[in-house]
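Work through the exercises below with the sequence and the structure in view, and try each task before reading its solution.

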Amino acid sequence: MDMDLFSSLDTASLDEAVEIGEQFSEKFRVFRSGLIPSHLRIFQLHAHKVYDSCSARQRQVLTLRLRDHTFREIGLALGVGESTAKVHWYRLLKKLSSIPVEVK
């Protein structure tokens, strides 16, 4: 492509178009990553509320349980006893039980 075809005014417009395109792309990526069927959004909203209400330790336990760690392994990883890891899990499960199980 011959760059002599563009003036400095064209370059500014092209730079602006590229910037707008990058912003759109970023917003679309975020939007697309969160697309779920409308009838399931209630679960997502409740899950965010529950997650936000969890302590940092409960989140750590959740992460490790989701990776199939035993309570003994979790206790060792977090420097707490196995029973303490179970208590954190129990309290997390109580919070999770507030999420509705039926779609209305």
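**Exercise 1.** In this predicted model, find which residues of helix α4 (residues 71-78) are buried, and work out how they are arranged around the helix axis.

*Solution.* Begin by picking out the residues with under 20% relative accessible area, which is the cut-off for buried; in helix α4 these are F71, I74, G75 and L78. Next, look down the axis of α4, where the buried residues fall within an arc of 100 degrees, so they line one face of the helix. Finally, ask what covers the buried residues of α4, and you will find that the cover includes α3 (56-66) and α5 (82-96).

**Exercise 2.** Determine over which rings the charged end of R65 sits.

*Solution.* Continue with W89, where the charged end of R65 sits over the ring at 5.3 Å from its centre.

**Exercise 3.** Describe the secondary structure of the protein chain and how much of the chain is buried.

*Solution.* First count the elements, which come to 5 helices and 0 strands, and read them from the N terminus as α-α-α-α-α. Then consider burial: of the 104 residues in the protein chain, 14% are buried.

Note on methods: Residues are numbered from 1 along each chain as its sequence is written. This is a predicted model: local features need pLDDT of at least 70, side-chain atom pairs count only at pLDDT 80 or more; totals for chains, interfaces and linings use all residues. Side-chain values use heavy atoms; hydrogens and water are left out. Helices (H or I, at least four residues) and strands (E, at least two) are DSSP runs, numbered from the N terminus. Buried means under 20% relative accessible area, exposed over 50%, partly exposed in between (1.4 Å probe, protein chains only). A charge sits over a ring if NZ of Lys or CZ of Arg is within 6 Å of the ring centre and within 35 degrees of the ring normal. The arc is that of the directions from the helix axis to the C-beta atoms. Contact means heavy atoms within 4.5 Å.
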